[in-house]
Amino acid sequence: MTQYLLLRHREIPEISRLEVYRQHGGFEAFRKAVTEMTPDQVTEVVKASGLRGRGGAGFPTGLKWSFMDRKSWPHYVVANADESEPGTFKDREIMEGNPFQFLEGVAIASYAVGAQRAYIYLRGEYQHIARWLDEKIAEMETAGLLGERLFGTDYSLRIYTHLGAGAYICGEETALLESLEGKRGQPRVRPPFPPSVGLYGKPTVVNNVETLTNVPLIIQNGAEWYRSMGTSDAPGVKIFSLSGRVKRPGNYELPFGVTFRQLIYEYGGGVLDDRPIKAIMPAGASSSLLRADDRLLDTPLDYAALRPLGGDLGSASVIVIDDTVSIDWVIQKTLRFFKHESCGKCTPCREGTYWMKHLIDHIRANGKEEKQVQLLLDVARQIQGKCLCALGEFSTMAVVSGIERFGEDFR
Amino acid sequence: MTKMVTLSIDGIQVTVPEGTLVVDAARKAGINIPVFCYHPKMEPVGMCRMCLVEIGRPMIDRNTGQPILDENGQPKLQFLGKLETACTNTVSEGMVVLTQSEKARAGQKATVEFLLTSHPLDCPICDKGGECPLQDLTMAYGPTQSRFLYEDKIHLAKHVPLGELIYLDRERCILCARCIRFQSKIAGDAVLTFDERGRSSQIITSSEPPFDSVFSGNTTDICPVGALTTADFRFGARPWELKAAASICSQCPVGCNIVYNTRREARSDGRIVIKRVLPRQNEEVNDLWICDKGRFAYHYIESPSRLSAPRVAGQPASWKQALEKASQALRTWQKKAILASGRLSNEDLYALKRFAEKMGVPAYLYTSMGGGEWVRRYGLRAGSDLGHLGAGDAILVVASDLYEEAPIWYLRVKQAAERGVTLILANPRFTRLERFAHYTMRYAYGDEGELIGRLNADAKIAQALREARNLVIFFGSEGMGLEQTEALAADCAQLLTETGHVGRSDNGLVGIWPRANDQGAWEMGFEPAPDLQALFEEVDVLYIVAADPVGDGLVRPNGRKPFLIVQDILENETVRQADVVLVACAYTEREGTFTSGERRVQRFYPAVPHWGECKADFAITALLAERFGLSLEAHSAARAFQDLAAAVETFQGLDYAALSEVRSQWPPTGRAEYPFSGTAQPNAQGMGKTLAAVAEASSAVPQPKVPREAPRVRPEEGTLLLVPITRLFDAGSLVSPSSLLRERIGQRRVILHPNAGFEQGAQVLLEWEGHQVEVTVALDENVPAGVGLVPRSMGIPLQQPARGHLHTPERVR
């Protein structure tokens with residue numbers, strides 16, 4: 001990779017200054033969209049680019065935009081900057097380093113779906129970033145890039161930041177919307193999905209920060225250009241948040257199709273103490289544990305490729321586990337997290353995470369009794385497929401895959 | 001016309017309107033899908049995951065829009081990989097629902113097992129035990145053994161007061177949010193919420209005072225476990241020990257259908273006593289709800305001050321002696337009158353009316369609110385139901401704080417507004433109902449005479465009234481006495497006539513009366529006594545039934561006292577002054593009917609045995625009448641009602657059988673019918689009948705006896721305009737014996753604007769027209785300047801608006 005598309009501040013340190021960003025073509029895409037393209041054309045370009053949601057689900061972004069209910073107005077755009085998945089730290093770097101490209105993405109998305117209000121929902125711990133973005137938004141307003149009748153057209157847009165209060169669940173889009181409305185952050189029943197009934201009951205697009213940051217480049221350079229990178233399943237680039245037992249943890253912006261072996265050894269500098277890799281969690285704490293064999297390490301990564309191997313790429317928050325780490329310890333860590341973060345709305349997650357947490361504590365404290373291990377597995381399976389939102393399901397991923405695939409650690 | 005959808009549930013074909021939830025469709029097919037968080041009166045939230053079922057939907061060919069068929073010509077079904085909640089999914093054509101498949105049963109079992117991991121299983125000491133959905137569903141769907149380690153159970157506080165009426169047991173709570181949703185969505189008092197998250201979630205009250213709602217008791221009915229219990233009933237009895245008697249609430253003119261649960265118990269000296277009051281379903285009156293006054297204020301029935309034997313000259317006497325003494329007085333003296341209140345049943349009032357006619361004496365209604373003649377003529381007529389009203393209709397509420405005066409009407413009107421009815425409110429101060437009103441008109445206390453004219457003068461309001469397909473007007477007595485309310489009733493009737501809302505059902509005037517059966521008295525032709533003091537001074541014998549004019553301060557003790565025949569249930573000041581005391585039964589000890597403000601006649605049934613030597617009021621009157629050669633029914637309430645229906649125009653054609661009819665209601669209620677919707681009781685004993693109306697569209701509106709411009713008391717510089725208002729919890733004889741309500745009743749007070757120059761809680765002397773009463777100051781910024789609100793039935797005998805003064809006692813001394 002010679003050139004960054006998203007983490008451009010690594011090459012252009014001053015890109016967070018408006019004039020520098022503009023010197024490098026900043027806001028030309030937004031101007032082009034508003035002055036030269038219809039909203040539907042913008043959506044079509046994004047659709048054609050094959051851009052998929054970077055928050056974890058990988059849903060085609062343009063398709064999501066096209067679902068907005070045109071019989072119900074106003075429309076809203078919400079940027080999901082709640083980044084709370086353990087092992088995920090990519091959105092933070094984008095917003096801190098390259099804020100205008102992200103904000104431009106928000107603006108283009110808003111234009112595409114006819115929203116005149118956009119909200120950036122940040123996790124509570126990102127208070128400094130919220131203040132930083134507020135400054136950037138103010139600069140954009142002063143420069144006439146936000147506000148009334150932009151670029152001499154009828155289009156007007158305002159962007160606001162909003163801080164969460166420290167709940168993992170608020171990364172779930174409907175819980176995020178509840179929280180944004182000033183209510184208790186708990187997921188809603190879906191359907192209806194936000195493009196039909198979202199913020200304040202109105203059609204809303206909720207996109208991840210990284211997803212939106214791709215958009216200006218796509219509008220500027222075209223769908224074909226974007227498709228030329230990555231794989232056919234997942235065109236473009238992805239920021240991999242690499243952590244765990246690696247020598248150089250951090251964010252790595254790479255095209256889809258890169259392999260774990262490249263990521264960990266070429267970019268991450270290899271495993272600490274050069275130990276063998278035992279397992280990989282490709283999507284943070286909500287990942288399945290993947291056994292790190294050659295097939296896994298050499299699979300070109302995109303959303304489709306990992307499924308046959310029993311995992312999901314998710315937000316690409318790659319946690320590397322070497323042979324010094326016991327899987328029951330990993331499970332205990334994830335369960336502690338999920339028990340703490342369960343919002344309590346639905347029964348299986350609320351009661352199940354509490355139960356699993358107690359079971360793994362017993363197992364780790366009192367020896368790995370087969371009966372207890374089996375019970376833990378049963379409880380996890382009993383949660384699966386019954387929760388109100390995906391986060392409840394996530395709590396079982398490490399448990400089920402860990403016990404099934406790393407049975408030796410439970411004997 | 002709603003589109004109908006046919007689907008199959010466990011192999012049963014059922015056709016229901018589009019948009020129906022799967023759980024409701026199943027119920028229509030006779031299948032109970034287990035639920036906890038779902039309640040048929042509330043929007044589903046899909047939280048508890050108890051109603052997990054398998055749902056298959058026909059696969060549709062994207063090109064043709066037609067179902068894809070399999071080799072047998074049957075539509076191919078697509079099942080999601082996972083179970084779905086029956087409470088959040090709506091039906092669709094050709095849907096196949098499996099509620100009992102192995103997979104569905106496993107899901108339901110899993111949910112029960114999860115719920116029980118943090119439930120204390122203290123059924124043996126739990127009030128809900130025996131009528132508990134969690135208990136029932138555990139038996140039906142749960143695992144026989146828990147795999148959860150007992151020592152891992154969370155132990156939480158078990159006696160958390162959410163206000164003084166409702167207790168929370170945090171261990172038992174399964175966090176279904178029914179109570180939270182009831183309070184915010186149905187009651188409109190969002191005073192409960194979740195605190196914390198995950199397994200630490202708990203129900204808390206966010207209001208000050210805590211659980212600030214008059215509907216709080218309903219949360220204990222809909223709680224699917226024993227987490228919410230009333231301070232009144234908790235640890236009081238087991239449900240299976242209780243007997244049930246259908247009744248009608250006696251606390252206000254709404255006429256909520258209720259059930260009295262009773263039990264014979266040792267600690268009540270072996271008597272059969274009332275243990276609790278539950279709502280009884282009547283979707284035309286109170287849905288599944290009752291207010292806290294109706295639920296908790298029944299203790300007067302077992303008050304130690306109940307009269308148990310007749311008295312003559314203050315001494316216990318036999319019935320024979322008492323009746324003899326009374327009839328002797330009635331025979332001896334010339335000037336006589338009868339004074340009775342709307343606490344009595346229709347049968348009682350009819351007997352009194354007949355007796356008065358026989359004797360040739362006036363029969364007066366003891367009330368502070370007039371206008372009944374207009375409600376008799378222009379009230380709601382047969383076939384009316386507030387539930388019928390929708391978009392295009394209008395409701396006008398004038399001079400009333402409906403939330404305080406008739407809470408269930410408040411709920412019904414709020415619901416109507418939410419269904420699209422145009423709600424117009426005219427009141428001198430902000431009230432809770434205003435939050436749901438489309439138009440609000442504020443007027444000054446004293447300007448009630450111009451009120452209807454001012455509504456007509458507002459172009460938007462006048463248009464809304466004129467163009468309403470149906471119009472119902474509720475009028476109250478906020479800030480008014482007898483004469484002003486009568487004038488207002490006539491004005492309202494005039495408005496109904498002018499806007500063309502007379503002569504049809506679902507249109508008319510509703511009086512927000514002070515007592516449960518005032519409407520019955522108006523129908524019978526009772527009239528209010530214009531001046532009680534004068535009456536006391538004029539007549540030689542006064543037969544007072546169910547009224548306490550002396551205790552209420554309406555008759556000054558220094559005046560001349562006639563021979564008093566007093567018939568009542570409780571010891572009071574009037575009883576103490578009586579020459580003869582006749583002991584009546586509480587309405588729970590006998591049969592009878594009440595006529596609600598909506599003119600619905602409803603039956604109540606005996607719940608507990610007679611107290612002491614008491615007799616039903618109509619029977620006592622019949623025994624007296626007998627001595628004057630008038631034969632009235634003295635035994636059977638049914639026959640007494642028949643006589644009444646034959647004689648009173650608007651009651652014609654009604655009998656007890658007709659009043660006992662029930663219509664099928666949605667949602668189905670009751671443990672047998674629908675075991676998971678709560679402890680609201682099914683209605684098998686009658687939904688009542690609405691009376692025929694007198695006025696037709698062409699009738700001329702009768703004019704009030706008092707000239708309309710008559711007593712109008714306006715604020716005046718240097719004085720305080722004192723106006724009577726109604727609050728739900730007062731110190732009336734039917735409320736104050738319930739010690740649980742003491743805090744709600746509060747102190748005798750005058751309510752002032754914060755700028756009036758008095759401190760909250762200050763003790764002051766209230767003076768008006770020769771009266772002096774010591775009161776506590778309460779402040780409320782909704783009170784207009786120069787006005788003092790005086791709650792009724794709190795021991796301040798202010799019947800009419802009056803100019804008065806407040807003094808701090810020091811200055812007086």
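Reply:
**The contact between chains A and B**

In this predicted model, the contact draws 22 residues from chain A and 27 residues from chain B, two residues being in contact if their C-beta atoms, placed from the backbone, lie within 7 Å. On the side of chain A that touches chain B, the elements giving two or more residues are α15 (347-366) and α16 (370-383) of chain A; helices here are DSSP runs (H or I, at least four residues), numbered from the N terminus. The most comes from α15(A), with 8 residues. By class, this side of chain A has 9 nonpolar, 7 polar and 6 charged residues; Ala, Val, Leu, Ile, Met, Phe, Trp, Tyr, Cys and Pro count as nonpolar, Asp, Glu, Lys and Arg as charged, and the others, Gly among them, as polar.

α16(A) also packs against helix α17 (residues 390-405) of chain A, at an angle of about 145° and with the axes 9 Å apart. Axes are lines fitted to C-alpha atoms over the stretch in contact, and angles run from 0 to 180 degrees between N-to-C directions. Among the residues making this contact are Val373(A) and Leu376(A) of α16(A), and Val399(A) and Ile403(A) of α17(A). The residues of this contact divide into 8 nonpolar, 3 polar and 1 charged.

As to confidence, the model scores ipTM 0.94 and pTM 0.95.

Residues are numbered from 1 along each chain as its sequence is written, and chains are lettered from A and ligands numbered from 1 in the order in which they are written. Local features need pLDDT of at least 70, side-chain atom pairs count only at pLDDT 80 or more, and totals for chains, interfaces and linings use all residues, pLDDT being the predictor's confidence in each residue, from 0 to 100.
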